[in-house]
Amino acid sequence: MNEVGALETAPWRAGVISDFARSELFDRTFQEGMDLVEETAAYLDGAGRQDSKLLSRNAALAYASESMRLTTRLMQVASWLLVQRAVREGDMAPDAACDDRYRLGAEAVCTGEQSDELLPLGLLTLLDRSGRLYDRVRHLDKRMYVEAVADEVPNAVLSQFDRLRTAFSGMDA
């Protein structure tokens, strides 16, 4: 566990996490995420499979790569949302949800450059929607967990200056 993961969760932060899990924003985001997972599975198993058979070799490789990016994004988002739901339902403490293993991951894959090959409109639409959803969840994750932890970590340089100031404050006379 890294230094950030080892910190205890501030009480106000646990409240923020719990409040989000009970919010309308969470409800909407959760529903959107799960609906997009189902829609994507249906597309990739149905129309997407047919679309991919009509592509050139290079476009078929790009299709395979982009469909992997799509499923990776959605797996990351769904996992993150399920952790928040576990907090909501009392199955996980907000402190436990702060562990690094529950953070949104695979950012390099999920946010990388999209192929410039000609891809089917259905896949492009799902890529766009999943990208926007991933970006929103990434923003929430950073605001709730990463930035909050950074705010809690004491600044080592300022701490040293404070110690020096305290040590030398008695020498003014």
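Which residues have the most contacts inside the largest nonpolar core? They are Trp-80, Leu-81, Leu-123, Met-144 and Tyr-145, in a core of 35 residues. A nonpolar core here is a set of buried Ala, Val, Leu, Ile, Met, Phe, Trp, Tyr and Cys residues joined through side-chain atoms within 4.5 Å. Four helices, α2 (11-21), α3 (24-45), α5 (57-88) and α8 (121-152), each supply at least two residues of this core. The largest share, 11 residues, comes from α5. In soluble globular proteins, nonpolar side chains tend to be buried together.

The model is predicted: local features need pLDDT of at least 70, side-chain atom pairs count only at pLDDT 80 or more, and totals for chains, interfaces and linings use all residues. Residues are numbered from 1 along each chain as its sequence is written, and side-chain values use heavy atoms, with hydrogens and water left out.

## Overall build

The protein chain has 9 helices and 0 strands. Both kinds of element are DSSP runs numbered from the N terminus: helices are H or I with at least four residues, strands are E with at least two. Of the 173 residues in the protein chain, 36% count as buried. Buried means under 20% relative accessible area, exposed means over 50%, and partly exposed lies in between (1.4 Å probe, protein chains only).

The accessible surface of the protein chain comes to about 10,600 Å². Carbon and sulfur atoms hold 55% of that surface. These areas come from the Shrake-Rupley method with a 1.4 Å probe; for residues, only the protein chains shown count as cover.

Contact means heavy atoms within 4.5 Å. Among contacts in the protein chain between residues at least 6 apart in sequence, 84% join residues at least 24 apart.

## Helix α5 and its neighbours

Helix α5 has 32 residues. From its first C-alpha to its last it reaches 46 Å, close to the 46 Å expected at 1.5 Å a residue. That expected span is 1.5 Å times one less than the number of residues. Gly-90 follows α5, with a positive phi near 80°.

Val-77 is found in α5. Val-77 is buried, at 2% relative accessible area. Leaving out residues up to four places away in sequence, Val-77 touches Leu-104, Leu-133, Tyr-134 and Val-137. The C-alpha atoms of Val-77 and Leu-104 are separated by 7.0 Å, though the two are 27 residues apart along the chain.

Ser-18 lies in helix α2. Ser-18 is buried, at 17% relative accessible area. Beyond four places in sequence, Ser-18 touches Val-87 and Pro-94.

## Salt bridges

How many salt bridges does a search of the whole structure find? The search finds 13. A salt bridge is a side-chain nitrogen of Lys or Arg within 4 Å of a carboxyl oxygen of Asp or Glu. Side chains of opposite charge can pair when their charged atoms come close. Three of the pairs are listed here.

| Pair | N to O distance |
|---|---|
| Glu-24 and Arg-28 | 3.1 Å |
| Glu-39 and Arg-129 | 2.7 Å |
| Arg-103 and Asp-141 | 2.7 Å |

Glu-24 and Arg-28 are 4 residues apart in helix α3, so about one helical turn separates them. Glu-24 is exposed, at 55%. Arg-28 is partly exposed, at 47%.

Glu-39 is partly exposed, at 37%. Arg-129 is partly exposed, at 27%.

Arg-103 lies in the loop between α6 (94-97) and α7 (107-111), and Asp-141 in α8, so this pair ties together parts that are 38 residues apart in sequence. Elsewhere, salt bridges that share partners join Glu-107, Asp-135, Arg-138 and Lys-142 into one network.

## Cysteines

The structure holds 0 disulfides. A disulfide is counted as a pair of cysteine sulfur atoms within 2.5 Å. Cys-98 is buried, at 12% relative accessibility. Cys-110 is buried, at 2%.
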